Amino acid sequence: MTAQLPLCVQYLQAFSTPIIALMVAVIAYRQWRTAHQNLLSQLFDKRMAVITELRGIVAELLQDGKFDNGASLKFLRATTGADFLFGSEVKAYLDRIYTVLLDLHVCDVELEHAEGQERVVLVQKRRPLFDELSGFFKKFSELVAAYVKMDQKQSWF
């Protein structure tokens, strides 16, 4: 004859395995959620570093007003990898700004030797390019805003 365990101990034995499994599942989910949030935080940091660097470069260019090959190269280096951090619309805009920088450089080189009507034409060609570069901060901020929003909601458990 076997001694029977009390009913409460039998219930405890029956429910202990599912309860432990549930606890393990909750812990695993929380670890995944923490890793996911960490990844989002690192991605945010990388994106903000690129944004800050590009804003600094453009601000320096607008302040100095010197558009040489060094400035274009500096901008190009700062955009390296941006297509992996941002979408195609941001990449296309950065490519456009790089083209504007190159065009401004060409205008500046040609202005050094231009005289008369040729100089007037070059100045008229340069002005919209400079204006487009001046609008960089507003347009770029609008394009990258969706990528740097920290709007992930916290889970309830």
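Tutor: Let's go through the helix packing, one feature at a time. Keep in mind that this is a predicted model, in which local features need pLDDT of at least 70 and side-chain atom pairs count only at pLDDT 80 or more, while totals for chains, interfaces and linings use all residues. Residues are numbered from 1 along each chain as its sequence is written, and side-chain values use heavy atoms, with hydrogens and water left out.

Student: What describes a pair of packed helices?

Tutor: Two packed helices are described by the angle between their axes and the distance between the axes. Helices here are DSSP runs (H or I, at least four residues), numbered from the N terminus. Axes are lines fitted to C-alpha atoms over the stretch in contact, and angles run from 0 to 180 degrees between N-to-C directions.

Student: At what angle do helix 1 and helix 2 pack, and how far apart are their axes?

Tutor: Helix 1 covers residues 7–64 and helix 2 covers residues 69–79; they pack at about 170 degrees, with axes 9 Å apart. That makes helix 1 roughly antiparallel to helix 2 (angles over 145 degrees count as roughly antiparallel, under 35 as roughly parallel, 65 to 115 as roughly perpendicular and the rest as oblique). The crossing of helix 1 past helix 2 is left-handed, a term used if the near helix is turned anticlockwise from the far one by less than a right angle.

Student: Which residues make that contact?

Tutor: Contact means heavy atoms within 4.5 Å. Helix 1 brings Val 50, Glu 53, Leu 54, Ile 57, Val 58, Glu 60 and Leu 61, and helix 2 brings Ala 71, Lys 74, Phe 75, Ala 78 and Thr 79. By class, there are 8 nonpolar, 1 polar and 3 charged residues in the contact of helix 1 with helix 2. For the classes, Ala, Val, Leu, Ile, Met, Phe, Trp, Tyr, Cys and Pro count as nonpolar, Asp, Glu, Lys and Arg as charged, and the others, Gly among them, as polar.

Student: How do I read the sides of a helix?

Tutor: An α-helix has 3.6 residues a turn, so residues three or four places apart point the same way. Then look at burial: buried means under 20% relative accessible area, exposed over 50%, partly exposed in between (1.4 Å probe, protein chains only).

Student: Which residues of helix 2 are buried?

Tutor: Ala 71, Ser 72, Phe 75, Ala 78 and Thr 79 of helix 2 are buried. They cover an arc of only 125 degrees around the axis, which puts them on the same side of helix 2; the arc is that of the directions from the helix axis to the C-beta atoms. Asn 69 and Arg 77, on the other side of helix 2, are exposed. The cover over the buried residues includes helix 1, helix 3 (82–85) and helix 4 (88–113). Just after helix 2 you'll find Gly 81, with a positive phi of about 90 degrees.

Student: What does helix 2 meet in helix 4?

Tutor: Start with the geometry: the axes of helix 2 and helix 4 come within 9 Å and cross at roughly 170 degrees. That makes helix 2 roughly antiparallel to helix 4. Asn 69, Ser 72, Phe 75, Leu 76 and Thr 79 of helix 2 meet Leu 94, Ile 97, Tyr 98, Leu 101, Leu 102 and His 105 of helix 4. This contact of helix 2 with helix 4 has 7 nonpolar, 4 polar and no charged residues. Zoom in on Ser 72, which has a relative accessible area of 3%. Leaving aside neighbours within four places in sequence, Ser 72 is in contact with Tyr 98, Leu 101 and Leu 102.

Student: And how does helix 1 pack with helix 6?

Tutor: Helix 6 (residues 136–148) packs with helix 1 at about 180 degrees, with the axes 11 Å apart. The two are therefore roughly antiparallel to each other. The contact of helix 1 with helix 6 has 13 nonpolar, 1 polar and 2 charged residues.

Student: Is Leu 54 buried or exposed?

Tutor: Leu 54 is buried, at 0% relative accessibility. Leu 54 and Phe 137 are 83 residues apart in sequence and 9.5 Å apart in space, C-alpha to C-alpha. Gly 56, also in helix 1, is partly exposed at 37%.
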